[in-house]
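Here are my notes on this one, for when you have the model open. I start with the cavity and then move to a sheet.

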Amino acid sequence: MNNSTKSQTDSFARDVLEGLSASPKKLSSKYFYDDEGSRLFVEIMKLPEYYLSRSELEIFRDRAAEIYAAFGEFDEPFDLLELGAGDGSKTSLLVAHFLEEGSDFRYIPVDISSEALNYLESKFDDEFPGLEISSIKGDYFQTLETLSARSKRRKIVLFLGSNVGNFSDEQAVKFFRDLRGTLNEGDLLFIGFDLHKNPQTILNAYNDAQGITSRFNLNLLRRINRELGANFNLDEFLHYASYHPIEKTARSFLISQREQTVDIEALNKSFEFGQWEPIFMEISQKYDLETIQSMASSSGYEIVGNFFDSHGFYVDSLWKPTPA
Ligand SMILES: C[S@@+](CC[C@H](N)C(=O)[O-])C[C@H]1O[C@@H](n2cnc3c(N)ncnc32)[C@H](O)[C@@H]1O
């Protein structure tokens with residue numbers, strides 16, 4: 001095991017220990033994306049219920065030229081940075097348009113999952129020969145600190161796929177404020193927000209009829225079994241999703257169907273689960289425009305433009321840092 005793989009396993013083990021020792025038990029959604037998790041997420045994006053990716057794809061497909069114009073002048077080479085890039089399938093529409101316009105930029109995807117980054121790099125290498133790609137593998141919270149030191153070019157930062165929804169509003173404002181500290185005048189931040197809508201439409205997106213979301217969540221237990229030597233029996237846990245229309249928060253859980261003990265070798269520890277005890281897996285926050293506006297102003301940005309899909313389900317919001 002090389003040093004970097006070892007330190008990844010150490011942080012995974014640390015987070016699993018902390019999460020399963022907490023009450024209620026929880027696991028971090030940032031570990032969903034191993035090989036199988038990344039593959040399952042590609043399947044989720046194609047599900048009829050998962051309107052999020054389709055909405056953002058529609059915005060990029062139909063409005064790439066407007067988005068490009070809103071990004072402003074491109075006299076100098078710039079960096080297109082993407083936080084939590086995943087498979088980059090939607091971003092590729094923007095990249096294709098930028099290249100058609102003859103702009104000179106470097107694409108810098110940041111992701112904690114090496115599987116996602118490997119897949120993305122090989123896809124972009126095929127699709128866009130000649131595009132300079134400079135991937136950063138790591139947690140985007142930690143990467144933020146090094147971003148401004150990496151390059152003096154103008155930066156456009158993408159934070160798509162409603163990744164922001166995995167944060168509470170307070171965490172999101174802190175994240176945007178920290179990011180603000182790394183940006184210069186002329187830099188931009190482009191963020192995908194899932195808007196509130198019929199609660200049933202939202203709930204269905206996290207509870208699909210084919211059970212792919214359930215497999216996606218259970219896969220994290222499989223990953224703990226494989227990487228940390230645990231003995232989770234996946235058949236003994238079920239996926240449960242909820243949506244709270246006042247908080248505008250979707251939550252997903254894995255529920256222990258019976259009383260059981262799970263041993264995790266790498267932690268040298270056993271964990272007791274009561275019957276129907278939940279493990280809290282993920283929040284997916286939904287937004288209204290007032291909240292987006294107030295998040296932007298309280299974290300030091302001005303909204304330059306909002307790009308909606310035709311159903312008004314989703315918005316990609318373009319922010320510029322307000323002068324310090
Ligand atoms: C829901 S997927 C979205 C991918 C892509 N942005 C899209 O719109 O399709 C989330 C991606 O963010 C990555 N990710 C989640 N938490 C992260 C973190 N703290 N640091 C870096 N990457 C993270 C995951 O590995 C995954 O590839």
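1. Which residues line the largest cavity? They are Asp79, Leu81, Ile108, Leu147, Arg150, Ser151 and Lys155. A cavity here is a set of points, on a 1 Å grid over the protein atoms alone, where a 1.4 Å probe fits but cannot get out, and lining residues have an atom within 4 Å of a point.

2. Keep in mind that this is a predicted model, where local features need pLDDT of at least 70, side-chain atom pairs count only at pLDDT 80 or more, and totals for chains, interfaces and linings use all residues. Residues are numbered from 1 along each chain as its sequence is written, and side-chain values use heavy atoms, with hydrogens and water left out.

3. Strand 2 (78-83) and helix 6 (140-150) are the elements giving two or more residues to that lining. Helices (H or I, at least four residues) and strands (E, at least two) are DSSP runs, numbered from the N terminus.

4. On to the sheet: it is open, with four strands in the order 1-12-9-8 and mixed pairing. Strands pair if DSSP finds at least two bridges between them. At the edges sit strand 1 (25-26) and strand 8 (237-244), each pairing on one side only.

5. Strand 8 runs antiparallel to strand 9 (residues 249-256), with eight bridges between them. Leu238, for one, has Ile255 of strand 9 as its bridge partner.

Notes. 1 Å grid on protein atoms, 1.4 Å probe; cavity = no way out; pocket = protein on both sides within 12 Å on 5 of 7 lines; lining within 4 Å.
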